[in-house]
Amino acid sequence: MKTLKKNEILKDLPTKRLNLDIFSEVDSTNDEAKRIDIQKDFHVIIAEKQTSGRGRQGKKWSSPDSGNIYMSICTENDLSSMPISMIAGLACKNAIDKTSGQALIMLKWPNDILLNSKKIGGILVEMESDQKKIRTIVGIGININIKKEESWWGDLSEFGLEVKRNKLINSILSEFIKISNDLNFNWLNEWKNSCIHMNKEIMLENTNSFQKKGIFKDIDEKGNAIIETDIGEEIISSGEISIKGVY
Ligand code: BTN
C-alpha cells in the first residue's frame with residue numbers, strides 16, 4: 001500500500017487557496033477539522049486511521065485499516081447556494097470514474113457512493129458556527145481495500161477497479177473545488193443521471209425509526225427527496241433509504 005504523499009495529493013491544485021494536513025491517526029478527521037484554525041479557503045485533513053470515525057445518523061464509521069480514504073474538507077466560505085453533501089457525492093463519483101477510467105459509480109440519496117450496488121463510501125457534512133462564521137466540514141470516507149469480514153460492504157479493489165489513492169484524493173479535491181466555485185453548475189441533472197433508485201420502490205427511515213414505503217420520484221434543487229407515498233408526494237429532507245438488491 002502506497003503512503004499518503006502531500007506533493008501528489010496537491011499536484012496542480014490551487015495551493016494558495018488550500019491547506020492540507022496528513023495524520024497517521026486521529027479520532028475523526030471531522031473532529032480535527034473542528035479544532036483547527038482555518039487560514040485559506042479550504043483546509044483538508046486526511047488520516048490513515050481513525051479511532052472514532054463517525055457516520056451519518058449517529059453510526060460508527062469503521063476506520064482501522066490503512067489504505068482507505070478518511071478525509072475532511074473544511075471551509076468558512078459560504079457554500080449555501082448548493083446542497084453541499086450532494087455536491088461532495090458527485091465530486092467523489094466523478095473523481096473515481098475519471099481515475100479508474102470507467103463510469104461505474106452510482107449514487108444513493110442522500111450521499112452514499114455505490115459500486116455494483118454495494119456501498120463503498122459515504123459523506124458526513126457537519127456545520128459549526130459562532131457569532132461571526134459558519135464552518136462547513138465535509139467528511140468523506142471511501143473504502144479502497146477493506147478486510148474481508150466486512151465484505152457485505154464493498155470497496156474499490158474487489159471489483160478490479162484500479163485506483164491510485166493519492167491520485168484519487170487529488171481528483172476529489174479538484175472536482176470539489178471546481179464544482180463549489182461554479183454557481184451555475186447543474187449538479188441536479190448530473191446527480192439524477194447517477195442515481196440508482198429513480199422511480200424505484202424504496203423504504204425510508206429516519207433516526208426516530210419512522211418508516212415509510214414509497215416510490216422515489218425526484219430530487220429538488222435543495223437536495224430533498226420527493227417520494228410518492230399512499231398519501232401523495234412528500235418532500236423529505238433527511239433520512240436513510242433502502243432499496244431491494246442494494247446494500
Ligand atoms: C456515512 O455514514 O455514510 C458517512 C460516513 C462518513 C465517514 C467519513 S471518514 C472521514 C470523516 N470523519 C469521520 O469521522 N467521518 C467522515
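**Setting up.** I'm working with a predicted model, where local features need pLDDT of at least 70, side-chain atom pairs count only at pLDDT 80 or more, and totals for chains, interfaces and linings use all residues. Residues are numbered from 1 along each chain as its sequence is written, and side-chain values use heavy atoms, with hydrogens and water left out.

**The count.** I looked up salt bridges (a side-chain nitrogen of Lys or Arg within 4 Å of a carboxyl oxygen of Asp or Glu). The structure holds 20 of them.

**R135 and E76.** I found these two side chains in a salt bridge, 2.9 Å from N to O. R135 sits in strand β7 (134-142) and E76 in the loop between β3 (69-75) and α3 (84-100), so the pair ties together parts 59 residues apart in sequence. Helices (H or I, at least four residues) and strands (E, at least two) are DSSP runs, numbered from the N terminus. Next I checked burial: buried means under 20% relative accessible area, exposed over 50%, partly exposed in between (1.4 Å probe, protein chains only). R135 counts as buried at 10%, while E76 is partly exposed at 25%.

**K119 and D112.** Their closest N and O atoms are 2.8 Å apart in a salt bridge. Is K119 buried or exposed, and what about D112? Both are buried.

**K178 and E175.** This salt bridge spans 3.5 Å, N to O. Both residues lie in helix α4 (165-181), three residues apart, about one turn of the helix. K178 is partly exposed at 47%, but E175 is buried at 4%.

**A network.** I also noted that salt bridges with shared partners join D31, K34, R54 and E126 into one network.
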